[in-house]
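Open the model and keep the sequence at hand. The walk below goes from loops to sheet to side chains.

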Amino acid sequence: MALSVAVVCAFLCSCGVTKSPVMGLAYTDVVSGNAVTSNQLATKVGRSTATGILGLVATGDASYQTAAKTAGITKITHVDERSYTILGIYTTYETIVYGE
């Protein structure tokens, strides 16, 4: 019985995973740089997000294009990514685009 509970807990704790340069077993909240261009510094910031639950359901649009559209950006200067996970139960991946 105890082994069964341990197996189920291990399975549930590792269901949802998101892209991140580092991962915490219980909690992850990391922002990392992804892309840089030669364009001048940004005054606008756009965001797009995808979300997953238990690794069973995932939805959203975390594309550069969607993030740029939300802020009216036509020239991207750089892009960051944010990964957020709680026990693999709830995960989000956010693309953050800076530009003009």
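L87 is found in the loop between β4 and β5. Helices (H or I, at least four residues) and strands (E, at least two) are DSSP runs here, numbered from the N terminus. This is a predicted model, in which local features need pLDDT of at least 70, side-chain atom pairs count only at pLDDT 80 or more, and totals for chains, interfaces and linings use all residues. Residues are numbered from 1 along each chain as its sequence is written, and side-chain values use heavy atoms, with hydrogens and water left out.

Look at the backbone of L87. Its phi is near 50 degrees, a positive value in a residue other than glycine. Most residues other than glycine have a negative phi. L87 counts as partly exposed, at 33% relative accessibility. The scale is simple: buried means under 20% relative accessible area, exposed over 50%, partly exposed in between (1.4 Å probe, protein chains only).

Which residue lies in the loop between β2 and β3? That residue is L54. L54 has a positive phi too, about 60 degrees, although it is not a glycine. With a relative accessible area of 28%, L54 is partly exposed.

Now the sheet. Five strands form it, in the order β1-β4-β5-β2-β3. The sheet is open and its pairing antiparallel. Two strands pair if DSSP finds at least two bridges between them. β1 and β3 (57–60) stand at the edges with a single partner strand each, so one side of each has no neighbour in the sheet. On average, neighbouring strands are turned by 15 degrees against each other, direction ignored. Axes are lines fitted to C-alpha atoms, for helices over the stretch in contact, and angles run from 0 to 180 degrees between N-to-C directions.

Take β1 and β4 together. They pair in the antiparallel sense over nine bridges. The bridge partner of S32 in β4 is E81.

A helix covers several of these strands. Helix α2 (residues 64–71) lies across β1, β2 (44–53), β4 and β5 (90–99). Contact means heavy atoms within 4.5 Å. The helix runs at about 135 degrees to β2.

Stay on β4, residues 76–86, and find S83. Is S83 buried or exposed? S83 is buried, with a relative accessible area of 2%. Its C-alpha is 6.9 Å from that of T28, although S83 and T28 are 55 residues apart in sequence.

Next come the rings. The structure holds two aromatic pairs. Rings of Phe, Tyr and Trp (its six-membered ring) pair if their centres lie within 6.5 Å; planes under 30 degrees apart count as stacked, over 60 as edge-to-face and the rest as tilted. Y27 and Y84 form an edge-to-face pair, 5.6 Å centre to centre with 90 degrees between the planes. Y27 lies in β1 (residues 27–36) and Y84 in β4, so this pair ties together parts 57 residues apart in sequence. Y27 is partly exposed at 46% relative accessible area, whereas Y84 counts as buried at 18%. The rings of Y84 and Y90 have centres 6.3 Å apart and planes at 75 degrees, so that pair is edge-to-face. Y90 counts as partly exposed, at 35% relative accessibility.
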